[in-house]
Amino acid sequence: GDSVTQTEGQVALSEEDFLTIHCNYSASGYPALFWYVQYPGEGPQFLFRASRDKEKGSSRGFEATYDKGTTSFHLRKASVQESDSAVYYCALGNMGYKLTFGTGTSLLVDP
Amino acid sequence: EAAVTQSPRNKVTVTGGNVTLSCRQTNSHNYMYWYRQDTGHGLRLIHYSYGAGNLQIGDVPDGYKATRTTQEDFFLLLELASPSQTSLYFCASRGGQYAEQFFGPGTRLTVL
């Protein structure tokens, strides 16, 4: 079945650091890929999506590029802020209306 | 703005108890979902529905029933609650196949 792997469970950075959160997927066909963000005490929120190879999704300074060759959709931000502290989920949607989520990466940014 | 609400926000019950979690969406979306969120597991799909009267089995359905009474309302039922069902439960709705999901604020359930 489909699966999403996020290798970092937790990431700790200082403000203005560069962020990379890794996301790799396994799926048949051509899935759509998503990033969601969850702030403390809230439900996850959609960040952005990409639907085809080499497409870049972006929002709020975050970006990720769909790479079918490496089956990856890594999240990046050039300069993080304390307000970016949250849990980030990578997800895929494939041939239907289910989303498969990764286990999430908790980002903590020190001021 | 899309809206998904859940009730109750917190619930404590005992082993063997009967619990109903409620979800309402005002997005006019066809698809609705129930997830549980646990440390180390992320979001796992319990059940979902594409319309009133419809129910689809998710990835972790054991011990849960669900019912979609209207386009707006989706309920999750735990008829014999167990401590392993202590979790944070999220409801979500979605308009199209590759559209974003809108999540509710969550219900924290504790089974003693």
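Biologist: How many salt bridges does the rule count over all chains?

Modeller: In this predicted model, the count comes to 9 salt bridges over all chains.

Biologist: What makes the pair A:Lys98 and B:Asp59 a salt bridge?

Modeller: The side chains of A:Lys98 and B:Asp59 meet with N to O at 2.9 Å, and the rule asks for a side-chain nitrogen of Lys or Arg within 4 Å of a carboxyl oxygen of Asp or Glu, so the pair is called a salt bridge. Across the interface of chain A and chain B the rule finds 1 salt bridge.

Biologist: How do you know that chain A and chain B touch, and how many residues of each are in contact?

Modeller: Contact is a matter of heavy atoms within 4.5 Å, and by that criterion 20 residues of chain A are in contact with 23 residues of chain B. The area buried between chain A and chain B is about 1,800 Å², with carbon and sulfur atoms giving 55% of it. On the side of chain A, the residues that lose the most area to chain B are A:Tyr97, A:Lys98 and A:Phe101, which together make up 36% of what that side buries.

Biologist: How many residue pairs are in polar contact between the two chains, and which elements of chain A give two or more residues to the side that touches chain B?

Modeller: Between chain A and chain B the count is 6 residue pairs in polar contact, both residues being at pLDDT 80 or more. The elements of chain A that give two or more residues to the side touching chain B are strand 5 (32-38), strand 6 (45-50), strand 10 (86-93) and strand 11 (99-101). Strand 5 of chain A provides the largest share of that side, 4 residues, and the residues of the side divide into 10 nonpolar, 7 polar and 3 charged.

Biologist: Why is A:Asn94 called buried?

Modeller: The relative accessibility of A:Asn94 is 11%, and buried means under 20%, so A:Asn94 counts as buried. A:Asn94 is found in the loop between strand 10 and strand 11 of chain A, and, leaving aside residues up to four places away in sequence, A:Asn94 touches A:Asp2, A:Ala27, A:Ser28, A:Tyr30 and A:Pro31.

Biologist: What makes the pairing of A:Asn94 with A:Asp2 a polar contact?

Modeller: The side chains of A:Asn94 and A:Asp2 come to 3.4 Å, and the limit for the N or O atoms of such a pair is 3.5 Å, so the distance falls within the rule. The side chain of A:Asn94 also reaches the backbone oxygen of A:Ser28 at 2.6 Å.

Biologist: Why is A:Ser83 called exposed, and where is its place in chain A?

Modeller: At 54% relative accessibility A:Ser83 is past the cut-off of over 50%, and therefore counts as exposed. The place of A:Ser83 is in the loop between strand 9 (75-77) and strand 10 of chain A. A:Ser83 and A:Val109 are 26 residues apart in sequence and 7.8 Å apart in space, taken C-alpha to C-alpha.

Biologist: How do you know that the radius of gyration of chain A agrees with that of a compact globule?

Modeller: For 111 residues a compact globule would have a radius of gyration near 13 Å, and chain A has 13 Å, so the two agree. The C-alpha atoms of chain A fill a box of roughly 40 × 30 × 20 Å along the principal axes, and 48% of the 111 residues of chain A count as buried. Chain A has 0 helices and 12 strands.

Notes. Residues are numbered from 1 along each chain as its sequence is written. Chains are lettered from A and ligands numbered from 1 in the order in which they are written. This is a predicted model: local features need pLDDT of at least 70, side-chain atom pairs count only at pLDDT 80 or more; totals for chains, interfaces and linings use all residues. Side-chain values use heavy atoms; hydrogens and water are left out. Buried area is the accessible area (1.4 Å probe) that two parts lose on being put together, summed over both. A polar contact is a pair of N or O atoms within 3.5 Å; within protein, one must be able to donate a hydrogen and the other to accept it, and residues adjacent in sequence count only if both atoms are side-chain atoms. Ala, Val, Leu, Ile, Met, Phe, Trp, Tyr, Cys and Pro count as nonpolar, Asp, Glu, Lys and Arg as charged, and the others, Gly among them, as polar. Buried means under 20% relative accessible area, exposed over 50%, partly exposed in between (1.4 Å probe, protein chains only). The radius of gyration is taken over C-alpha atoms; the globule rule is 2.2 Å times the number of residues to the power 0.38.
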